[in-house]
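Visitor: I would like to learn how to read a model like this one. Please take me through it feature by feature.

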2 protein chains.
Amino acid sequence: MSADAGTPPAARPLRADALRNRRRVIEAATEAFARSGIAVPMDEIAESAGVGVGTLYRHFPTKEALFAAVVRHHLEVLVDEARRLQGADDPGSALFAFFGRMVEEASSKQDVVEALNQAGVDFKSASGDLKKEFSAAVAALVQRAREAAAIRADVEDQEVLSLLAGACMATAHLGTGAECRQRVVQVICDGLRSPTAATP
Amino acid sequence: MSADAGTPPAARPLRADALRNRRRVIEAATEAFARSGIAVPMDEIAESAGVGVGTLYRHFPTKEALFAAVVRHHLEVLVDEARRLQGADDPGSALFAFFGRMVEEASSKQDVVEALNQAGVDFKSASGDLKKEFSAAVAALVQRAREAAAIRADVEDQEVLSLLAGACMATAHLGTGAECRQRVVQVICDGLRSPTAATP
DNA sequence: CAGGATACGGAACCTCGGTTCCGGTTGTCA
DNA sequence: TGACAACCGGAACCGAGGTTCCGTATCCTG
């Protein structure tokens, strides 16, 4: 795992203790945001990281910047996953696998759900490119699935994205168990299969 | 439309201007919450109602109480709709019709989405009974559809509720148009149809 | 090891939004 | 119409949480 996630300019040596603290902060923030979303107070993150709030702001100019950094990392993982699946044999299974993976991921990461939902975060300037990358990666999966007639032809990329987001939000908020989550995904994926080209 | 929505104790005459203001407040709050969800400031509601904040608090003890009253009204409408549909000829169409209706409703009512999502509001004590009523009404629709084999047998009531909520959240937040909304609903409804008992 | 730059902690500051309070106003009733 | 009670407006109050500031501690270099 790239522990330097969130060090765009680089080039600067960065003192030893500073680097240690930065890592602690990212770790604590990742945990806190995953648990309670962006609503978690900065003080709380600082405390669980074992540093003062000042240190948080020395590494990230604003709370949203910290949030964006954390979410960006999660999204990167998902984009990687999507790209890996683009090379899969069965485009249909690939898309559906991603669907399941994503929902499972979101179920334990409140921040991802909120980011998907744009709740409160700017998330456009901060990680606009990545968001675009994410959409593009999913769109590619959809495209391949559509060409293989693995999904119905009358749904746009946008709709699949919406369904993805909806599935994440629904399963993340309503107290649903793992198997419940899977069935929800199953229903949506079945719905996505072309009615004229259902599994034989 | 029952304009007195939110007058549980009643029995008190309530002065003329007070009644007028109460209606204005509810109207303004309904509009404001629908537009921006519970995040809208009380001051703003007061202003657009043409009253002072004090008046808001004279009629509703707390912001959440006001929010709950507004949401309660929306839910009542939906519960009525669900009950009406319970008597429909085709249980499958009834459920799917409700699905579409609900999503359409939520698409213009941010507050309903948030209530569904439990975002911030207590919503349990305030309108707990109604929430239960709502769930029950939907469950009844699901039950009938299941008995008529109009939907697959392997989904629980809870999952349908989740799918409903997910559809609302997805379509409400991501800037999706009306036709896009319909396709999303279509996909989910198709997914809900029993794979072994699809439309002939 | 000394000197200076770099970081740190966390109290103080500021803004925002819910809630309260009270002097003034308005409806109602005799 | 006069008097009282019910209401009203909106300034003031308060707590929460993001952000800033500065004296102090720590790290690195010569």
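Visitor: Which element gives the most to the surface near DNA strand D?
Guide: That is H3(B), with 5 residues. Helices (H or I, at least four residues) and strands (E, at least two) are DSSP runs, numbered from the N terminus. A residue is near a strand if one of its heavy atoms lies within 4 Å of it. This is a predicted model, in which local features need pLDDT of at least 70 and side-chain atom pairs count only at pLDDT 80 or more, while totals for chains, interfaces and linings use all residues. Residues are numbered from 1 along each chain as its sequence is written, chains are lettered from A and ligands numbered from 1 in the order in which they are written, and side-chain values use heavy atoms, with hydrogens and water left out.

Visitor: Which residues around DNA strand D come nearest?
Guide: There are 23 residues around DNA strand D, and A:Lys63, B:Arg15, B:Asn21, B:Thr55 and B:Arg58 come nearest. Of the atoms of DNA strand D within 4 Å of the protein, 64% belong to sugar and phosphate.

Visitor: How is a polar contact read here?
Guide: A polar contact is a pair of N or O atoms within 3.5 Å; within protein, one must be able to donate a hydrogen and the other to accept it, and residues adjacent in sequence count only if both atoms are side-chain atoms. On DNA strand D, a phosphate oxygen lies 2.3 Å from a polar side-chain atom of A:Lys63. For B:Thr55 the distance from a polar side-chain atom to a phosphate oxygen of DNA strand D is 2.4 Å, and for B:Arg58 it is 2.7 Å. Two or more residues of the surface near DNA strand D come from each of helix H1 (16–36) and helix H3 (53–59) of chain A, and helix H1 (16–36) and helix H3 (53–59) of chain B.

Visitor: How do the residues of that surface near DNA strand D divide by class?
Guide: Ala, Val, Leu, Ile, Met, Phe, Trp, Tyr, Cys and Pro count as nonpolar, Asp, Glu, Lys and Arg as charged, and the others, Gly among them, as polar. The surface near DNA strand D has 10 nonpolar, 7 polar and 6 charged residues.

Visitor: What is found around DNA strand C?
Guide: Of the 23 residues there, A:Arg15, A:Asn21, A:Thr55, A:Arg58 and B:Lys63 come nearest. The side chain of A:Thr55 has an N or O atom 2.4 Å from a phosphate oxygen of DNA strand C. Backbone atoms take part too: a polar one of A:Gly52 is 3.0 Å from a phosphate oxygen of DNA strand C, and a backbone N or O atom of B:Ala16 is 3.3 Å from one. H3(A) supplies the largest share of the surface near DNA strand C, 5 residues.

Visitor: What about salt bridges across the interface of chain B and chain A?
Guide: Side chains of opposite charge can pair when their charged atoms come close. A salt bridge is a side-chain nitrogen of Lys or Arg within 4 Å of a carboxyl oxygen of Asp or Glu. The rule finds 4 across this interface, including A:Arg152 with B:Asp190 (2.8 Å, N to O).
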